[in-house]
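Some terms used for a model need their cut-offs before they can be applied.

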Amino acid sequence: MAAALILEIMTRGRGQPQYRRVRQFPYRIGRGYDNDLILPDDTVSAHHVQLERDVDGALRVRNLSHENGTRLGHRKLGYVPELLAAPASLQLGHTQIRVLTPDVAVAPARRPQAVPGSLALVERLPFALALLTLLFIMEVMFALLHQVEPQPLKTVLLNKAPELLAPLFTAVVTGFISRLLLHRWRFGLQLTIACVSFIFGQLTIELLQRVSYYYSSNEIASVLNVVLAATLFTGLFAWQLRAFSTLTRKRSVITAIAIAWPLLALFGVQSIVREPDFRSQPPLHLQLHVQDVRQQPTLTLDAFLATSRSELTEQMAAEQAESSTN
Amino acid sequence: MRGITSRLLPLAVRSLIVCCAFLATVGNADELAQQLYAAHKDAVYRIEVISPGTDKKSSLGTGFVIAREDLLASNFHVVANAVHEPERYRLEWESVSGERGPLSVVAVDVIHDLALLKADKPLGRPHVSTTLPQKGTALYAMGHPLGLDLAIVPGSANGLLEKALYDKIHFSGNINPGMSGGPALDAQGRVVGINVATAGEAVGFLVPAHFLDALVQRASEREFAVADDLQKRITEQLTANQDQLMADFFAKPWPTQQVGQFTVPGEISHRLDCWGETEPATEKKPYLEIATNCSGQDDVYLSERQRAGSVAYQYFWLESDRLSPRAFYREFQQRHNSFFQSDADETDVGNFACSVKFVEVSGQSFKANVCARPYKRYAGLTDFMVLMAMTGHDRQALLFTLDLSSVTLDNGMKLLQQFLENFQWQPR
């Protein structure tokens with residue numbers, strides 16, 4: 001009879017599985033050197049388990065030792081040999097053996113790049129370099145807009161050039177991780193991710209400043225800050241995870257949320273816990289913006305004095321009530 | 001050892017003439033000082049604030065017999081700890097000969113930093129007070145400098161300070177911490193003032209004796225009974241003081257000054273001191289900065305951490321014709337901040353409450369942070385601060401801050417209103 005069984009042997013902590021073809025029965029597995037399959041696992045007995053074929057062709061598995069026992073599927077194997085129907089899984093100590101037949105279908109081959117075809121562009125190095133240029137132009141533009149002491153363009157460009165190193169360095173580090181995990185550098189993709197992170201970071205800061213001025217409130221600004229930071233971070237982290245693995249989009253987003261949000265929540269809790277009871281300086285709202293776009297109306301002097309006074313009275317009374325209940 | 005170091009700026013003017021006049025009468029002065037010391041040494045005492053845990057002194061000053069044989073006058077700041085935390089601190093006197101005894105507080109005047117203390121036995125002949133003599137009159141300050149033995153320090157009276165919210169005599173002589181609460185005597189041995197503060201070498205300050213007379217008068221109406229409601233009285237004094245300050249400020253129409261394109265209130269009281277500085281635009285710094293500030297040069301001592309009765313306001317103008325609006329606003333925002341000068345902690349005050357509003361002042365819109373925090377021991381009083389920034393101009397900016405300590409919210413808002421009503425935009 002042709003080879004009827006394949007064993008997929010996976011030892012804890014050994015990475016890739018090994019495969020054995022079973023050509024004759026009985027087939028004995030254990031740590032001893034007289035076995036058909038010798039397992040270098042010290043939680044496995046010298047003679048641990050035996051695969052047998054009945055006269056009528058049925059496969060059975062027989063426990064030879066009860067030191068650490070054997071599991072067939074989710075059940076513990078007893079003294080009576082049990083019927084084995086491939087595919088099945090056996091657990092011997094730290095070793096997991098899947099019993100397969102050659103006709104078990106395998107999953108279709110995955111594309112090594114986990115990006116849909118339409119976005120394949122982001123993996124190209126020229127695209128990444130274009131983004132890097134865009135980032136640089138943004139930096140230079142901000143520098144020119146904010147410069148107090150007028151400088152020639154050449155000086156500004158030279159001053160800003162070292163900032164190109166940040167995304168490049170990030171891409172090298174993530175690329176190296178990718179090399180370890182996937183055996184590929186994928187520098188184009190990594191540089192794209194790094195550049196997008198930096199560009200979105202800049203834009204988020206700009207947006208936050210405007211929003212903070214718009215609402216004239218430190219509380220709203222900090223809530224928005226957390227929401228935006230969480231979204232942006234999760235998105236980028238999911239993308240990076242996907243670039244490091246063969247996860248689907250959904251799985252990578254879920255993994256990113258599962259890792260990032262508890263951490264963010266922890267930071268949130270910490271900021272609440274560490275909030276001092278007493279601050280010696282007032283919580284001023286210091287944001288100013290050249291575009292005077294805001295939610296609050298401009299009050300007349302009388303209305304301003306009246307509302308400020310009533311707000312202060314109210315706030316101080318509220319705090320007094322709170323501190324007296326504590 | 002303690003004694004407040006006044007926040008007064010060093011007064012740089014030194015009078016050589018006074019110095020030479022001293023040389024001429026040196027023999028005379030020597031003898032006089034010896035006589036005064038001999039006559040008064042038994043009526044001037046070291047005052048120690050004892051912390052019961054260690055039974056050691058935690059701070060000290062000087063006191064002298066006044067009005068009655070068992071009454072000592074001193075500074076409030078010498079005994080402040082015992083007033084605020086009578087369960088933690090007690091007071092003791094110690095004579096030149098080393099005798100000791102307990103003291104209790106009869107009355108205080110926080111505004112002028114005075115305290116009246118009672119001993120359990122007669123301590124000597126009471127001093128008599130007198131009015132402020134002419135400038136140049138020789139005075140002799142007695143006390144325990146740095147807690148050393150009783151010393152007598154010659155100097156001279158130089159009139160009342162002009163730039164002070166709370167009247168003080170300028171004494172040209174060395175007053176050191178530990179001498180606080182001691183008497184400054186004239187040649188006849190009468191008390192002209194009470195040593196209270198120093199501002200560096202040979203610049204000292206005395207509380208005029210008439211404030212002590214008034215305090216003695218008030219205490220005599222209660223037959224010098226030991227007070228058990230001092231905090232309440234301090235509240236009354238602080239409240240009355242800030243009402244008085246406001247009344248002073250509102251008494252006269254305010255002079256104006258020009259800050260950039262705004263006309264704003266200038267020196268609203270002659271007791272305030274104003275400073276200013278203009279930095280024109282240069283090649284490296286393409287914006288014009290004008291800063292002026294006015295402030296009370298002294299304040300009221302409440303505790304080691306807390307001062308009351310301070311007043312300060314400042315204007316800052318920023319203008320540029322070359323900066324991009326974004327760059328200009330970056331510079332503007334960097335300067336848009338204000339810190340409240342105080343070491344008060346949560347036992348003294350509550351947290352600041354702030355209100356952020358936009359207001360139109362003389363046709364220009366301002367972003368205004370108005371903040372206040374309540375005093376915990378002195379009901380009704382607050383620390384009050386305002387930070388306002390002009391908005392809506394690309395290359396011109398005005399900042400205005402107003403800081404007041406120990407005012408009622410009403411008075412703070414009233415003063416703010418008066419300020420803003422006197423703002424006037426000058427179109428070019």
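Two strands pair if DSSP finds at least two bridges between them. Helices (H or I, at least four residues) and strands (E, at least two) are DSSP runs, numbered from the N terminus. This is a predicted model, in which local features need pLDDT of at least 70 and side-chain atom pairs count only at pLDDT 80 or more, while totals for chains, interfaces and linings use all residues. Residues are numbered from 1 along each chain as its sequence is written, and chains are lettered from A and ligands numbered from 1 in the order in which they are written.

Q: What makes strand 14 and strand 24 of chain B a pair?
A: Strand 14 (residues 262–265) is joined to strand 24 by 2 bridges, and the two run antiparallel. The definition asks for at least two bridges, so the pair qualifies. One of the residues involved is Thr263(B), whose bridge partner in strand 24 is Gln424(B).

Q: Why are strand 13 and strand 24 of chain B said to stand at the edges?
A: The open sheet has 3 strands in the order 13-14-24, paired antiparallel. Strand 13 (256–259) and strand 24 (424–425) each have a single partner strand, so one side of each lacks a neighbour in the sheet.

Q: Which strands pair between chain A and chain B, and in what sense?
A: Strand 12 of chain A pairs with strand 20 (residues 353–361) of chain B in the parallel sense, over 2 bridges. In strand 20, Phe358(B) is the bridge partner of Thr298(A).

Q: How many residues does each chain give to the contact?
A: Chain A gives 40 residues and chain B gives 50, where two residues are in contact if their C-beta atoms, placed from the backbone, lie within 7 Å. On the side of chain A that touches chain B, helix 7 of chain A gives the most, with 14 residues.

Q: Why is Leu144(A) called partly exposed?
A: Leu144(A), in helix 1 of chain A, has 16 other C-beta atoms within 10 Å. A residue is buried at 20 or more such atoms and exposed at 12 or fewer, with C-beta atoms placed from the backbone, and partly exposed in between. The count of 16 falls in between, so Leu144(A) is partly exposed.

Q: What makes helix 3 of chain B mostly covered?
A: Of the 9 residues in helix 3 (residues 76–84), 8 are buried. Among them are Phe76(B), Val79(B) and Val83(B).

Q: Which residues does Val108(B) touch?
A: Leaving out residues up to four places away in sequence, Val108(B) touches Phe76(B), Val83(B), Leu114(B), Ala115(B), Leu230(B), Arg233(B) and Ile234(B).
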